[in-house]
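Please look over the sequence and the model shown here before reading on.

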Amino acid sequence: MATILEDISRTFSEYLLIPRLTRANQRPDLVNLSTPLSAVAPNQEPRLKINIPVVSACMQAVSGAELSISLARQGGLSFVFCSQPIEDQVEIVRQVKAHKAGFVRSDSNTTEQTTLGEVIELMRLSGHSTVPVTSDGSPRGELKGLITDQDFWEFEDDLSNMVKQHMTPMKDVIYGEDGISLRDANELLHKHKKDCLPILSKDKRLVALVFKKDYEDHRLYPMELLDASKRLCVGAAINTHDYRERVPAVVEAGADALCFDSSDGFTEYQMEGIKWIRANYGDAVVIGGGNVVSAEGFDYLVENSGVDFVKVGMGGGSICITREQKGIGRGQASALLDVVERREAYFAETGRYIPICSDGGLANDTQIVIALAMGADFVMMGRYFAMTEESPTSKTSINGQMYKPYWGEGTRRAQNWQRYNEGMSSRKMMFEEGVDAYVPLVGTVSEVLETTLYKLRSTMVNVGADSLSDYREQAILTMVSEQSVVEAGTSTVFQFSPNSELDNSNWGNSG
């Protein structure tokens with residue numbers, strides 16, 4: 001007969017935190033929210049950290065280019081969905097990496113013999129106002145000069161003129177030498193009052209560009225998540241079917257982390273994929289595995305493959321119906337507590353720390369706070385980001401309220417047959433494990449994260465914690481009864497807006 005576990009499958013809403021001592025010198029703005037994304041070897045620093053404990057889900061309705069850029073600027077990381085052709089996913093990764101950088105590879109170049117009309121068209125297509133002029137029109141050619149939209153008048157100058165007649169020639173170009181630090185490059189821009197600084201090799205070939213606007217941009221987003229080249233960080237989802245082709249492509253495009261996108265990661269398919277990536281890329285690539293809901297699943301991925309982080313959760317998402325359809329899964333709180341307990345034991349045994357991602361089951365900010373208290377290093381969210389301006393879906397008005405469509409990767413709309421075919425050769429999805437819905441538009445990524453992260457920092461201060469590791473160590477959780485939920489609510493008072501007119505008929509005698 002089946003083994004029956006005695007514990008109850010529980011959710012985050014069944015727990016509350018007990019306050020601990022708040023010290024006089026503690027303030028929410030001093031709390032450190034950085035957390036490792038990669039495994040941490042004994043006495044070593046993690047290979048990749050994120051500045052806030054938030055990543056976006058590998059979903060078509062969530063992790064597009066615009067949202068990935070916005071989340072990285074806030075210090076988090078997006079995982080660009082893999083339920084699309086490889087070349088389309090690569091293009092999104094490239095857009096994120098190229099959007100804001102310290103040293104930018106020039107992707108819009110021209111020659112001295114190009115006409116002014118052709119350069120204007122190039123500027124329109126690329127959105128760039130500065131175009132390097134190289135000997136062969138390539139991003140690595142010998143630099144001959146620069147042409148900007150300030151060097152001509154589109155409706156006054158003869159558009160058949162050559163670029164050479166309008167550009168700033170090389171003898172007048174201020175440039176930096178290859179190997180210069182970003183700080184020194186920005187100082188040259190400031191000293192010479194320039195907007196763009198070419199970086200050249202010893203033989204005067206173009207290596208990169210540094211822009212004034214990128215320096216100003218960084219001042220506006222001090223928490224942004226950057227790689228070693230000062231480019232925004234972005235992750236890429238992968239699957240167990242085409243990883244041999246997909247992984248090289250997204251890594252070449254600049255993906256900073258990979259994550260297997262699967263509702264059930266406790267499989268030999270995923271194990272083979274992780275081992276293949278490790279064999280071909282070693283520790284140069286950060287790999288996430290999952291999803292799992294038990295200590296047994298954690299051990300399988302970590303002890304056998306050397307995965308960097310593990311995602312926890314099955315059937316807990318707002319548009320996921322795996323539990324209903326297949327009768328499989330686990331309450332998110334119970335799953336997380338079980339895996340975290342095993343992670344702590346593994347750390348004690350080996351000294352190797354494995355970050356855990358709580359994926360799904362997060363209905364509000366409070367539950368994010370509880371998930372991190374229970375031991376998650378970061379949370380992965382879909383609906384939360386699908387409701388923002390930057391999510392890739394179009395806005396629609398329903399009864400005067402703005403909404404955005406939101407669907408699961410397990411729906412027919414997603415056409416994500418690879419994730420759900422379980423080894424079958426047919427491209428047919430036999431049944432759905434998700435739903436297709438609408439969610440209300442709530443604002444920009446920066447606006448919603450500002451509120452969520454302030455609540456988290458404030459709660460951490462209530463627990464006396466200065467960092468997420470302190471928070472996990474010092475958190476004390478208590479179970480919540482049905483009556484305590486009623487006690488915590490506002491059902492016994494009449495709520496109204498200070499600016500609204502009172503309707504005396506709504507007042508009762510309940511207190």
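## Helices H7 and H8

H7 passes H8 in a right-handed crossing, meaning that the near helix is turned clockwise from the far one by less than a right angle. The model is a predicted one, in which local features need pLDDT of at least 70 and side-chain atom pairs count only at pLDDT 80 or more, while totals for chains, interfaces and linings use all residues. Residues are numbered from 1 along each chain as its sequence is written, and side-chain values use heavy atoms, with hydrogens and water left out.

H7 covers residues 268-281 and H8 residues 295-305, and the two pack at an angle of about 25 degrees with their axes 10 Å apart. H7 is therefore roughly parallel to H8 (angles under 35 degrees count as roughly parallel, over 145 as roughly antiparallel, 65 to 115 as roughly perpendicular and the rest as oblique). The contact (heavy atoms within 4.5 Å) involves Glu 268, Gln 270, Met 271, Ile 274, Lys 275 and Arg 278 on H7, together with Tyr 300, Leu 301, Asn 304 and Ser 305 on H8. By class, four of these residues are nonpolar, three polar and three charged.

Helix H1, residues 65-74, is mostly covered, since eight of its 10 residues are buried (under 20% relative accessible area, with exposed over 50% and partly exposed in between, for a 1.4 Å probe and protein chains only). Among the buried residues are Leu 67, Ile 69, Leu 71 and Arg 73, and the buried set packs against several elements, including strand S4 (54-56), strand S5 (77-80) and helix H14 (445-462). After H1 comes Gly 75, whose phi is positive, near 110 degrees.

H1 also packs with H2 at an angle of about 40 degrees, their axes being 9 Å apart, which means that H1 is oblique to H2. This contact is made by Ala 65, Ser 68, Ile 69 and Arg 73 of H1 and by Ile 92, Gln 95, Val 96 and His 99 of H2; by class, it has four nonpolar, three polar and one charged residues.

## Cysteines

A disulfide is taken as a pair of cysteine sulfur atoms within 2.5 Å, and by this rule the count comes to zero. Cys 58 is in no disulfide, the nearest cysteine sulfur, that of Cys 259, being 4.5 Å away. At 2% relative accessibility, Cys 58 counts as buried.

For Cys 82, the closest cysteine sulfur is that of Cys 58, at 6.8 Å, which is too far for a bond. Cys 82 is buried as well, with a relative accessible area of 4%.

Notes
Axes are lines fitted to C-alpha atoms, for helices over the stretch in contact, and angles run from 0 to 180 degrees between N-to-C directions. Helices (H or I, at least four residues) and strands (E, at least two) are DSSP runs, numbered from the N terminus. Ala, Val, Leu, Ile, Met, Phe, Trp, Tyr, Cys and Pro count as nonpolar, Asp, Glu, Lys and Arg as charged, and the others, Gly among them, as polar.
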